[in-house]
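Reader: I would like to go through this model with you, beginning with the overall picture. Could you take me through it?

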Amino acid sequence: MTTATQDPAPPAPADAPAGRRRRGSGLGSYLLVRALLIIPTVFILVTTVFFLMRTTGDPITAALGGRLPADQLAERVRAAGYDRPLLVQYLDYLGSLLRGDFGTTLSDRRPVTEVLTTYGAATLELAVYALVVALLVGIPLGMVAARLRDRYPDAVLRFFAIFCYATPVFFAGLLLKLVFAVWLGWLPVAGRISTRGQIQLNRSGSGTGIYLVDAISSGNGDLVLEVLRYAVLPSLALGLLTAGVFLRLVRTNMIGTLGSGYVEAARSRGVSESRLVRKHAYRPALVPIITVIGLQVALLLSGAVLTETTFEWRGLGFQLSQYLQARDFVAVQGIVALLAVIVALTNFVVDVVAALIDPRVRYS
């Protein structure tokens, strides 16, 4: 009698949950590491700004030197504690930050937290506008450039991307103002809203400091249009800077996707090029966009300083330039610390999204 050969037993069902637990723990470890990296990132930037600001002396002497008698100046320095050793001042500054105390500005004697809450909404609004412009311009043009690779439109779009990225944001702002505000008269030259519109916002707006939200909450359509008209030029000046990056990134990734095996197989079955771009190459090309948005937020915030100054958009960037001119080190340190936290948190969120979209990020 022949003995039947038995097939190998299938793996125990318990192995599947174990594998899922390992993958879940991998994601948890990845996110934990990224969250912990926020602390040294902010710490290094805050420390660097603190010591760089002290290279020219204490803040009070830098801000008020030459405008007060020597004895009064020395008394103010002593009262503020800037005559203490630099290391003691640094440790005291870190302790204040941990308590949420950013200090008081030297030039206008305002709590730095009040400055941050008053002008932070304007910078946030401008950054969102600019990011929308970058996405609306960079992604479609990048798709067109990839589809028309090595043709005349592709060459023009590549030049446009380099021009957007290489042009200083203040020069782009001045050029836009000259063309659309001075020559054509289509848009306002500077500011966030007219004086009349500001009064209406104060009366009927929700008071968030984000003018578009306040205008919508007021129910006044003309006020909404006015807010958007004032936002067009600064948003274009700042958004085109990032649009050039997105355009080149989408073009490069779509070219790679369009040359992949599964796209070639679809093409051999007679699928049209437009459908290949929409259905097969579009989404994979967007994954790298998500991973670089964190870096672009840092670029937008740095560009906001020049953009807000050029268009007198009274946000944190505009105030930072004013405090730098006044040599108000306390205010500068507080604004930079907030911007560092925003950039670090944005990069963390981007890391989370990238890990959820592409498992290779957390398992490689």
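Predicted model: local features only at pLDDT ≥ 70, side-chain atom pairs only at ≥ 80, totals over all residues.

Reader: What does the secondary structure of the chain come to?

Author: The chain has 16 helices and zero strands.

Reader: And what share of the contacts between residues at least 6 apart in sequence join residues at least 24 apart?

Author: That share is 71% in this chain.

Reader: Turning to confidence, what is the mean pLDDT of the chain?

Author: The mean is 80, with 85% of the residues reaching 70 or more. Confidence is highest in helix H8 (residues 169–183), at a mean of 92, and lowest in helix H16 (residues 360–363), at 53. Over residues 1–16 the pLDDT is below 50, and this stretch has zero contacts in the model beyond near neighbours in sequence.

Reader: How do the residues of the lining of the largest pocket divide by class?

Author: The lining of the largest pocket has ten nonpolar, six polar and six charged residues.

Reader: What about the second largest pocket: how is its lining made up by class?

Author: The lining of the second largest pocket has twelve nonpolar residues, with no polar and no charged ones. The pocket has a volume of about 340 Å³. Its lining residues include Ile38, Ile39 and Phe43, as well as Leu94, Phe102 and Val341.

Reader: Which helix gives the most there?

Author: H2 does, with five residues in the lining of the second largest pocket. Helix H2 (38–53), H5 and H15 each supply at least two residues of that lining.

Reader: Let us move to single residues. Where is arginine 251 found?

Author: Arginine 251 is found in helix H11 (residues 221–258).

Reader: Is arginine 251 buried or exposed?

Author: Arginine 251 counts as buried because its relative accessible area is 12%, and the cut-off for buried is under 20%.

Reader: What is arginine 251 in contact with, leaving aside its neighbours within four places in sequence?

Author: Its contacts are Gly142, Ala145, Ala146, Arg149, Asp150, Asp154 and Arg158.

Reader: Last one, glycine 209. Where is it found?

Author: Glycine 209 is found in the loop between helix H9 (195–204) and helix H10 (211–218). With a relative accessible area of 24%, glycine 209 is partly exposed.

Reader: What does glycine 209 touch, not counting residues up to four places away in sequence?

Author: Glycine 209 touches Ala121, Ala122, Glu125, Arg192 and Asp214.

Key. Residues numbered from 1 in each chain as written. Heavy atoms only, no water. Helix = DSSP H or I, 4+ residues; strand = E, 2+ residues; numbered from the N terminus. Contact = heavy atoms within 4.5 Å. Buried < 20%, exposed > 50% of the residue type's maximum accessible area, 1.4 Å probe, protein only. Nonpolar A, V, L, I, M, F, W, Y, C, P; charged D, E, K, R; others polar. 1 Å grid on protein atoms, 1.4 Å probe; cavity = no way out; pocket = protein on both sides within 12 Å on 5 of 7 lines; lining within 4 Å. Points joined across faces, edges and corners; volume = space filled by probe spheres on them. pLDDT = per-residue confidence, 0-100.
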